[in-house]
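Keep the sequence and the 3D view open as you read.

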Amino acid sequence: METITNKFLTVTIANLGAELQSIINNDTGREYLWHGDPVYWKRRSPVLFPIVGSLWDGHYRLGGHEYAMSQHGFARDMDFTCVKNTGTEAWFRLDSDDESRRLFPCDFSLEIGYKLSDNSLQVLWQVNNPSVKDVLYFQIGAHPAFDYKDYDPDADLQGFFRLDASECELSVIGEKGCLKREKGKLTAINRMLPITKNTFDGDALVLEGNQVHCVELCDRQQKPYVKVDFNAPVVGLWSPARGGYAPFVCIEPWYGRCDCEQFSGDFSEKDWIQHLQPGGKFAASYCITIL
C-alpha cells in the first residue's frame with residue numbers, strides 16, 4: 001500500500017491494480033470510497049485496461065489471431081510497481097511481459113498517477129508504446145465506487161446524479177454485457193437524475209459521444225458531496241442491481257466501452273478504440289473532488 005496526504009484528504013492506493021483503496025476527509029474522518037465488501041462487489045476503484053467492458057463471446061481478433069479476455073481487461077489484477085511517492089503524489093507502472101502477452105499480444109507501458117491538490121484528487125493515466133514497428137490499440141477507463149451519504153436500503157430515493165447536461169442519448173446494455181444497437185433517452189430534470197431502486201435494472205447507464213464531462217453525486221436534498229470531472233468521451237453510471245440498492249454507486253470515465261451485440265470485427269475497429277503509433281504516448285486524467 002502507498003499513502004498520500006495533505007491538509008484535506010488522505011488517500012491510500014494498492015500496488016495490486018494500482019487501485020484506489022480509500023479517500024478520507026481529514027476534518028471529519030469520513031470515508032468516501034466503497035470498501036470492497038464482496039457481498040455486493042469486491043473491488044473499489046479498478047483501472048480498466050486494455051479493454052473497457054465486455055467482449056462479445058469473451059474473445060477478440062487482432063492481427064488475424066483470436067484471443068480471450070475477461071471483462072475490463074487484466075491490469076486490475078496485476079501487480080504494479082510504485083515508481084514515485086512524494087507524499088502528495090504517487091505513480092505506479094505496469095509493463096507488458098510474458099503473462100500479459102498471453103492475453104494481449106502487444107508491448108505497452110502503463111503508468112497510473114494520483115496527485116492531491118486541496119480537496120481534489122487527480123487521477124492520471126499514461127500509456128506508452130515501446131514497439132518500434134507495431135501500432136498499440138487499447139482502451140482505458142476508471143471505475144471508482146463511492147459510498148452513498150446516509151445510505152438507506154429501504155428508501156424510495158437514495159440520492160441524485162447532477163449532470164452537466166439535461167437531455168442525453170442513452171446507450172443500453174443488452175446481451176452478454178454488450179450494447180444494443182438501438183439507443184434510449186435519458187432526461188435529467190434541472191440536470192438532476194434521481195437514483196432509485198430501478199435506476200440500474202438494465203445494468204449501467206452509458207453516455208457516449210462527449211455528452212457529459214462532469215457528474216456530481218448528491219444526497220436526497222440534492223446537495224452534492226462528490227464531483228467527478230473528466231474529458232473522456234464515454235461515462236458509465238453503475239451500481240449492482242439486486243432488487244434494491246447496493247451501498248455505493250460508480251461514476252466511470254472511459255476511453256472505450258464494451259462491444260456492441262454481435263460485433264465480429266478486428267480489435268482495431270472497436271468503437272472508441274485508442275491507438276498509438278510506435279514510440280507514441282497517450283495521456284489522460286480525471287478528477288475526484290470531495291465537496
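Is strand E14 (residues 159-163) mostly covered or mostly uncovered, and how many of its five residues are buried? Strand E14 is mostly covered, with four of its five residues buried. Here buried means under 20% relative accessible area, exposed means over 50%, and partly exposed lies in between, with a 1.4 Å probe and protein chains only. Strands (E, at least two residues) and helices (H or I, at least four) are DSSP runs, numbered from the N terminus.

Before going further, please note that this is a predicted model, in which local features need pLDDT of at least 70, side-chain atom pairs count only at pLDDT 80 or more, and totals for chains, interfaces and linings use all residues. Residues are numbered from 1 along each chain as its sequence is written, and side-chain values use heavy atoms, with hydrogens and water left out.

Now look at the partners of E14. Strand E17 (residues 192-195) runs antiparallel to E14, and four bridges join the two. Strand E19 (residues 214-218) also pairs with E14 in the antiparallel sense, over four bridges. Two strands count as paired if DSSP finds at least two bridges between them.

Next, find Ala-246, in the loop between strand E21 (234-238) and strand E22 (248-255). Why does Ala-246 count as buried? Ala-246 does so because its relative accessibility is 2%. Leaving aside neighbours within four places in sequence, Ala-246 is in contact (heavy atoms within 4.5 Å) with Tyr-40, Tyr-148, Tyr-151, Ser-239 and Pro-240. Val-39 is 207 residues away from Ala-246 in sequence, yet their C-alpha atoms are 9.5 Å apart in space.

Finally, let's step back to the whole chain. The chain has one helix and 24 strands, and its C-alpha atoms fill a box of roughly 55 × 50 × 35 Å along the principal axes. Of the contacts between residues at least 6 apart in sequence, 64% join residues at least 24 apart. Buried residues account for 55% of the 291 in the chain. As for charge, there are 29 positive side chains (Lys and Arg) and 40 negative ones (Asp and Glu), with His and the chain ends not counted. The centres of these two sets lie 2 Å apart, with each charge placed at NZ of Lys, CZ of Arg, CG of Asp or CD of Glu.
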